[in-house]
Amino acid sequence: MRTQVVVIGAGPAGLLLSYLLRSEGLDVVLLEARSREYVRKRMRAGVCEQPTVELLREIGLGTRLDAEGLRHEGFSLRFDGSDHRVALTELTGKAIMVYGQQEIVKDLIDAHEAKGWPIEFEVSGVSLSGLDTDRPRVDYRDVTGVSQVVDADVVAGCDGFHGISRPAVPAGGLRAFDRQYPFAWLGVLAQTPPSSEELIYAHHERGFALHSMRSPELTRAYLQVAPDEKLADWSDDRIWSELSLRLKTDADFSLHEGPLLDKSITPMRSHVVEPMRYGRLFLAGDAAHIVPPTGAKGMNLAVADIRVLSRALVELLQHNSSELAESYSDTCLKRVWRAEHFSWYMTSMLHVDPDADVFQHRLQLSQLRYTASSRAAATSLAENYVGLPFA
Ligand code: RFL
Ligand code: PHB
């Protein structure tokens with residue numbers, strides 16, 4: 001088989017890239033290891049930055065987002081027993097949209113299917129070769145187990161943090177930057193109306209808690225736990241009582257409990273590789289960088305990478321101009337490092353570090369009080385949270 005671009009991975013990054021390239025008339029093969037049903041149901045991010053929302057509208061994918069997404073103009077920082085609202089829209093003129101990542105994934109899959117653009121689900125044994133030539137090759141087995149070979153002009157590694165694209169780069173081809181955090185998030189989805197109209201990021205001596213949502217009927221919440229925590233040790237009752245302790249206020253906040261539909265534990269890590277390219281392999285999204293979820297940046301960074309990459313590949317493959325492809329990594333890494341810093345900052349300000357001493361604890365509370373009381377500090381947080389402009 002011969003194609004222009006092989007995209008590995010049908011998460012938000014791979015699906016969006018395939019959609020944008022095919023809309024420009026490029027020939028794409030899109031490969032995904034998991035099944036269609038699994039990908040459509042995989043529960044992850046909830047917050048879309050303003051630039052993400054604008055891009056999805058611009059490319060004709062804003063209809064369901066605007067009908068079902070929840071526009072939020074602020075969120076609460078909860079500490080010392082009370083709420084301190086970060087007025088996102090008042091401070092920046094922008095807002096965020098609570099719209100689940102799996103809804104964006106569904107919209108992108110539906111858009112592919114409506115146009116008759118194939119996605120190969122349940123492929124296995126994907127391997128890359130010839131990345132430093134101008135004719136890279138991808139070998140894989142299709143859903144029926146038959147071996148396939150594709151010769152391409154470019155391979156886009158959009159296969160997430162545990163994919164095969166990044167490890168396919170020979171030793172010395174990339175430099176990695178890594179930070180592990182001494183905690184994880186236990187996330188739940190509950191069949192109960194949210195207990196607050198806005199997100200609540202709570203700092204508590206027992207650990208961080210986040211109250212979020214997916215719809216007027218579905219609550220999403222997270223608890224800071226130890227990295228080696230076992231899900232089996234967390235009964236529904238224990239989860240609700242811990243959430244209610246950490247989200248307690250001096251006012252009359254009450255948590256709406258309900259059946260838990262999903263529970264999972266996610267370790268927290270920061271990781272970046274430089275450059276986001278090796279020869280004809282371009283890395284995008286979680287394949288190139290991950291952030292701890294506290295700043296709600298991972299999916300939004302993936303979207304930002306793809307906006308830059310899609311233009312670069314159209315220029316390269318349709319107009320034989322390599323300028324944007326050459327600057328792809330540098331352009332993206334500026335935004336990536338801003339988001340890495342913001343995510344680290346939100347994480348450090350809000351979590352209880354088991355290794356921190358009382359001095360660090362006092363610094364953390366001081367930072368929270370400053371953010372809550374200074375318009376300048378709150379504006380800095382808000383402009384990062386709603387998303388800095390793409391360009
Ligand atoms: P994905 O979504 O991991 O997709 C990669 C795809 O590649 C497939 N794959 C392969 N396919 C073929 N061959 C192989 N060898 C393959 N290996 C893997 C996988 O099956 C998958 O379909 O990466 P992508 O597209 O870069 O998207 C990144 C986002 O998923 C991620 O950054 C966000 O979910 C992070 N994140 C959040 N981001 C936000 O912007 N806002 C949030 O509010 C937010 N909250 C979160 C989050 C991530 C979380 N977890 C579970 C890590 C909350 C949580 C709890
Ligand atoms: C979510 O709703 O899943 C969510 C919201 C905000 C975050 C992370 C996750 O910072």
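Reader: Are Phe342 and Tyr345 buried or exposed?
Author: In this predicted model, Phe342 and Tyr345 sit three residues apart in helix α9 (residues 323-350); helices are DSSP runs (H or I) of at least four residues. Buried means under 20% relative accessible area, with a 1.4 Å probe and protein chains only. By that cut-off, Phe342 and Tyr345 are both buried.

Reader: What conventions apply here?
Author: Residues count from 1 along each chain as its sequence is written, while chains are lettered from A and ligands numbered from 1 in the order written. Side-chain values use heavy atoms, leaving out hydrogens and water, and in this predicted model local features need pLDDT of at least 70, side-chain atom pairs count only at pLDDT 80 or more, and totals for chains, interfaces and linings use all residues.

Reader: Which strand gives the largest share of the shell around ligand 2?
Author: The shell has 14 residues, each with a heavy atom within 4 Å. Strands (E, at least two residues) are DSSP runs, and β14 (209-215) and β15 (218-225) each supply at least two shell residues. The largest share, three residues, comes from β14.

Reader: How far from an oxygen atom of ligand 2 is a polar side-chain atom of Ser212?
Author: Polar contacts here pair N or O atoms within 3.5 Å. A backbone N or O atom of Pro293 lies 2.9 Å from a ligand 2 oxygen. For the polar side-chain atom of Ser212, the distance to an oxygen of ligand 2 is 2.6 Å.

How values were computed:
Polar contact = N/O pair within 3.5 Å; in protein donor to acceptor, adjacent residues only side chain to side chain. Buried < 20%, exposed > 50% of the residue type's maximum accessible area, 1.4 Å probe, protein only.
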